[in-house]
Amino acid sequence: PRGRRSAWPCRAAALASMVVLARRHAAFAGPWSARAGACCRRSGGDAQDGACPDRERWLAMRRIAREAEEAGAWRAPGLRMPSPVGLGLLALSVLGRLLWGWRASLCAACFGAGAALVVASVAEHGMPSTHGTSGRLRLKLANRRTRFRGEVRQLGAFSQRHRLPSNVAVLLSSAGKFAARDAEAAREEREGELWRHVEQDLSAGMSAEELQQRLRPRLFVFDFDSVAASGSSQFELLREAVSFIITTASKHDEVLVRLTSSGGGAGDYGLATAQLKRLRTAGIQLTVCADTVAASGGYMLACVANRVVAAPFATIGSIGVVAGLPNFHRLIDKLDVEFTQVTAGKHKRTANVLVPNTEEGLAKFKEDVDSMHAAFKDHVHESRPSVDIEAVSTGEAWLAVAARERNLIDEVGISDDVLSAKEDEGFDIVHLRLAPRKSEVSLSLSTAGSALGALSRLATSVWQRLLPDRVQAFGLERFP
């Protein structure tokens, strides 16, 4: 039938999808700090520096709060639009046209809403303002339960495929119900304990914001990988991440940098070191994890941290300076080419490329390199006073165990273990990375549109092959 009553499901679905899409835009429009305050993400504790006298109590309270959130007692807002909803609306519009005879205008509205949801979900990873950031950074909650939620669900589906005898299934179901009931009772008891602690602290004069920050601290994580990624992007990420963290972090939050660098220009790494020092100056606990290499300029960055962790086979150290230039003046003489160089200042050009070097110039060049090395040594000694700087500043590099013996690092371990330990303490793991540029966003949107167009053409071709009579009856051949 083509009456008005047959059109209400399509209208309702289109209206609902548009409302959900508007809610999603509103959820991602606000600043992260505002959303974080609403869901108790601006939280933390002073367990690292010993300022909290009852560390174990606060850790227990954090675990109880996390269990309550995982059980649904409170949940952080963060609406993520699933693409199956959009695909369902697309299918509904087509089926309504082919099978139920809905009007073309209604089907077009339903199809448009579904297409908008599909394109938005496909292009979500390219939007600069995702998760309410200012557009320069993208934030992602990287807790284990959040990261592996889909995999855990899929694993559970695998286990349900194995059929057991009926009596065994009944026995297991009964035992599972008893276990669930006991777990629920234990959870309610822990939540009651948490409530009593919170009431006690509030009565003692602690503010609600301070209490929230203590209960749910955040660990900001970002990567500095000058080996796999372009150097300019890594320095830009470092600058933006440090500025963002200093602006939004509470005194209980911490920072972890996963560092992979074998060094580079002294000016670039000197600036990057100054950026990390801003975190120390702001009183934010800083941990650097080197899973593969932190040498030369990489170690210049690492030694700034309160805590340095290196993987067993990571390369650490190389506290030295190297500089050199090729000289082509003999080749120029053979080619009978004359090159004239004019300088103002006695030491304007100490090492030359196209004219012969002088003993005085090379001596000055060596003096500059030694001066840079002395500044490097002073920086390491200031950051880690326990290091025998003369013994480790020979330019050598060591594996993590040997570096630990020389006090170049604090622990031997990998970043994944550090993150897991922090999450067990009650920290939310917040991963930061640079948002893609406008060109990348345009590419993502164009790719999504191309994919949607290809899907539409493929569906039309299949329908024309499988249902030629019905397609012709409804005039679908007139559609492009």
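A: Rolling a probe the size of a water molecule over the atoms shows where empty space is left. On a 1 Å grid over the protein atoms alone, a cavity is a set of points where a 1.4 Å probe fits but cannot get out, and its lining residues have an atom within 4 Å of a point. In this predicted model, strand 3 (254-261) and helix 12 (297-302) each supply at least two residues of the lining of the largest cavity. Helices (H or I, at least four residues) and strands (E, at least two) are DSSP runs, numbered from the N terminus.

Q: Which residues line the largest cavity, and what is its volume?

A: The lining consists of Phe224, Leu238, Val257, Leu259, Leu276, Val288, Leu301 and Ala302. The volume of the largest cavity is about 40 Å³, where a volume is the space filled by probe spheres set on the points, and grid points are joined across faces, edges and corners. The structure holds 1 cavity of 30 Å³ or more.

Q: How does one read contacts along the sequence?

A: Contact means heavy atoms within 4.5 Å. Among contacts between residues at least 6 apart in sequence, 77% join residues at least 24 apart. Leaving aside residues up to four places away in sequence, Lys377 touches Ile389, Glu390 and Ser393. Lys377 is buried, its relative accessible area being 18%.

Q: What makes up the nonpolar surface patch?

A: Patches are made of residues with over 30% relative accessible area and no salt bridge: like charges are joined within 9 Å, and nonpolar side chains (Val, Leu, Ile, Met, Phe, Trp, Tyr) within 5 Å. Here Leu325, Phe328, Leu331, Leu335, Val337, Phe339, Val353 and Leu354 make a nonpolar patch of about 680 Å². Accessible areas come from the Shrake-Rupley method with a 1.4 Å probe; for residues, only the protein chains shown count as cover. Leu335 lies in the loop between helix 13 (329-334) and helix 14 (359-383), and at 57% relative accessibility Leu335 counts as exposed.

Q: Which residues other than glycine have a positive phi?

A: Most residues other than glycine have a negative phi. Among those with a positive value are Ser296, with phi near 55°, and Asn407, with phi near 65°. Ser296 lies in the loop between strand 4 (285-295) and helix 12 and is buried, with a relative accessible area of 18%. Asn407 lies in the loop between helix 16 (400-405) and strand 8 (411-412) and is partly exposed, at 27% relative accessibility.

Q: How many salt bridges does a search of the whole structure find?

A: Side chains of opposite charge can pair when their charged atoms come close. A salt bridge is a side-chain nitrogen of Lys or Arg within 4 Å of a carboxyl oxygen of Asp or Glu. The search finds 16 salt bridges. One of them joins Glu423 and Arg144, with the closest N and O atoms 3.1 Å apart. Glu423 lies in helix 17 (residues 415-424) and Arg144 in helix 6 (residues 144-147), so the pair ties together parts that are 279 residues apart in sequence. Glu423 counts as buried at 6% relative accessibility, whereas Arg144 counts as partly exposed at 31%.

Q: Where do Glu254 and Lys422 lie?

A: Glu254 forms a salt bridge with Lys422, the closest N and O atoms being 2.9 Å apart. Since Glu254 lies in strand 3 and Lys422 in helix 17, the pair ties together parts that are 168 residues apart in sequence. Glu254 is buried at 3% relative accessibility, and Lys422 is buried at 4%.

Methods. Residues numbered from 1 in each chain as written. Predicted model: local features only at pLDDT ≥ 70, side-chain atom pairs only at ≥ 80, totals over all residues. Heavy atoms only, no water. Buried < 20%, exposed > 50% of the residue type's maximum accessible area, 1.4 Å probe, protein only. 1 Å grid on protein atoms, 1.4 Å probe; cavity = no way out; pocket = protein on both sides within 12 Å on 5 of 7 lines; lining within 4 Å.
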